[in-house]
Amino acid sequence: MASAIAELLDHRLVFIMGKGGTGRTTVAAALGLLSARRGRRTLVVEMGRENDLQRQLSVDTQQHSNPREPIQVSDRLWVLRLDPEEALTEYLELQLKIKRLVHGIMQNSGIRKLLGAAPGWRDLITLGKLWHLETRQLEDGAPLWDCIIVDAPATGHALTLLRVPQVIVNTVQLGPLRRHTEWVQELLRDPKKTCVVAVTLLEELPISETLEFSQGLKELGMAAGPTIANAVEIGSELADFTAVDTALARIDPAALAEWSAPDTLRAILRDSIARDALQREFLARLQTETGSAPIQLPYLAESPADLDAISELSDALERADR
Ligand SMILES: Nc1ncnc2c1ncn2[C@@H]1O[C@H](COP(=O)(O)OP(=O)(O)OP(=O)(O)O)[C@@H](O)[C@H]1O
Ligand SMILES: [Mg+2]
């Protein structure tokens, strides 16, 4: 049987979701690097206006002026920041075939007001762009991207994003919008092609959100992939209570009695042990409620902020996959 990560990376479209700040961008980058290392042409897509992903992967954004072109990070790994406005312009150019006309449309104040009043178009065009990326082919007919990993918005918005095709299909009866949306929906609901990974910290709130989210996915007819427990810190050296007690036992009790440090040390250790136990409990809860053991990523003492640190997390994923 294929391991959880191999199975996950076998999908064409992998959404990385989770509560804000749980490490979605970091995990998307680490998985992307791992997928590329395993020989697959991989594109990691970031949404919105931030360049967090590029920063994590040490990309010098100043050097790349065409926002539509994926930026190559390393062998077989590319990143793309998906800006809905840019994607809409590109889509209209493809449909209308006249660039100048599209430029006029996009600058028209009436159109801009309309776009401002209907925020759902951003989600729809974002999904449309992902669909387009998924269908692109190389000259020999092979897919351009073996794996597209999406650093998706935080959970609440993510469900809205994934629900948009359903809303359109329910309300628009005919025409190209309906047809294109059905293609997108088909891709999202194809468990062989699309998979959603939830990233969580081992804390109450992100875990509750993860579980609610997977319920929401089921209702949308989408497949939930494995859960990734990020920044896990179990079994640190500090938790070795016995070693410290053994060391303290060697000290003359009279000298020890005058020294306040042992108590502080014990308190820190007790804390650390309690935290370990709590994290183990959360891991067990995730396993019971999702039906499979979460993939664990270690806590790094220094926040991962460049390609080397991300590479360290990819190694950890590799180890977790054996
Ligand atoms: N395993 C880890 N060990 C230590 N720090 C981590 C780890 N994973 C992520 N971080 C740090 O936690 C912070 C949040 O991570 P990240 O930006 O990936 O989360 P996010 O879910 O994408 O956040 P946002 O909701 O803002 O997009 C960052 O500073 C990141 O470097
Ligand atoms: Mg992020």
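Visitor: Which residues in α4 meet which residues in α7?
Guide: A note on the model: it is predicted, so local features need pLDDT of at least 70 and side-chain atom pairs count only at pLDDT 80 or more, while totals for chains, interfaces and linings use all residues. Residues are numbered from 1 along each chain as its sequence is written, chains are lettered from A and ligands numbered from 1 in the order in which they are written, and side-chain values use heavy atoms, without hydrogens and water. Contact means heavy atoms within 4.5 Å. Here Pro84, Glu85, Ala87, Leu88, Glu90, Tyr91 and Leu94 of α4 meet Trp121, Arg122, Ile125, Thr126, Lys129 and His132 of α7.

Visitor: At what angle do the axes of α4 and α7 cross?
Guide: Helices are DSSP runs (H or I, at least four residues), numbered from the N terminus. Axes are lines fitted to C-alpha atoms over the stretch in contact, with angles from 0 to 180 degrees between N-to-C directions. The axes of α4 (residues 84–96) and α7 (residues 120–135) cross at roughly 65° and come within 9 Å.

Visitor: Which polar backbone atoms lie by ligand 1?
Guide: A polar contact is a pair of N or O atoms within 3.5 Å. An oxygen atom of ligand 1 is 3.2 Å from a polar backbone atom of Thr22, and a backbone N or O atom of Arg24 is 2.9 Å from an oxygen atom of the ligand. For Pro298, a polar backbone atom lies 2.9 Å from a nitrogen atom of ligand 1.

Visitor: Which element gives the most to the shell around ligand 1?
Guide: That is α2, with 3 residues.

Key. A polar contact is a pair of N or O atoms within 3.5 Å; within protein, one must be able to donate a hydrogen and the other to accept it, and residues adjacent in sequence count only if both atoms are side-chain atoms. Helices (H or I, at least four residues) and strands (E, at least two) are DSSP runs, numbered from the N terminus.
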